[in-house]
Amino acid sequence: MVSGREKAYAYLKDTVLTDPGMQGAFLSEQELADRIGVSRTPIREALLMLAAEDLVELVPKRGARVAPLTGREVRELMELRGMAERYAAERLVAADRVPLEELRALLGQQRALTGAEETHEFIAVDHRFHASLVSAVGNTLLDRHYDGLRSRQVRAGVVAVFNQRGRQKAVLDEHEAIVDALAAGDARAACAAIDHHLESTLKVLLDG
């Protein structure tokens, strides 16, 4: 059975923190408790967990504030993602174990989610696209490390889509380039496509 703290933590991390309109905003414990259907104690516990991950800031006498993504944090996020995803591409191509069917299925799901009201779901599938590539390597510690980036990755993706009109179409094109290179067994081209995708996202975030 899911505890109140776990329920609050998941809601805050997956719904509140990924809302572009909440970046830098202060959170009302009572409002969140009413919305989630728990008492304020699990909300406080969840906020402490998120503060330990530097996803919220606890400001004395004011409460919890959603920590906005800084330029440095975005750069470091893309750098870490690039390291993990390029490594995965190289290993999988060399071992002929690229999960092409799964990647193509996820790309197909994304193509069906291009409406403005579907942005969060589009980015959730976006994360699964990249995570499926990394998880196919079969390295548990790498999976755990990459999953730790999920909240920031989803937040950055949602903000990027809101910052630039047509970004969803560009993401689909960039993902298709990654899949095409992997399908061709060209690790160098796959790494270049991954770099282009991450650099494009970084540019949108920094320019926005």
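Modeller: Two strands count as paired if DSSP finds at least two bridges between them; strands (E, at least two residues) and helices (H or I, at least four) are DSSP runs numbered from the N terminus. The model is predicted, with local features needing pLDDT of at least 70 and side-chain atom pairs pLDDT 80 or more, while totals for chains, interfaces and linings use all residues. Residues are numbered from 1 along each chain as its sequence is written, and side-chain values use heavy atoms, without hydrogens and water.

Colleague: What makes β1 and β2 a pair?

Modeller: Strand β1 (residues 56–59) and strand β2 (residues 63–66) share 4 bridges in the antiparallel sense, and the definition asks for at least two, so they pair. The hairpin has 3 residues between its strands.

Colleague: Why is R44 called partly exposed?

Modeller: R44 has 39% relative accessibility, so it counts as partly exposed. R44 lies in helix α3 (residues 40–52).

Colleague: Why is α5 said to be roughly antiparallel to α9?

Modeller: The two helices pack at an angle of about 165 degrees, with their axes 11 Å apart. That makes α5 roughly antiparallel to α9, because angles over 145 degrees count as roughly antiparallel, under 35 as roughly parallel, 65 to 115 as roughly perpendicular and the rest as oblique. Residues meeting across this pair include L103 and L107 in α5 and V179 and L182 in α9, where contact means heavy atoms within 4.5 Å.

Colleague: Which residues touch the most other members of the largest nonpolar core?

Modeller: They are M78, L103, L133, L182 and L205, out of 45 residues in that core. Such a core is a set of buried Ala, Val, Leu, Ile, Met, Phe, Trp, Tyr and Cys residues joined through side-chain atoms within 4.5 Å. Its largest share, 9 residues, comes from α10.

Conventions: Buried < 20%, exposed > 50% of the residue type's maximum accessible area, 1.4 Å probe, protein only. Axes fitted to C-alpha atoms, helices over the stretch in contact; angles between N-to-C directions.
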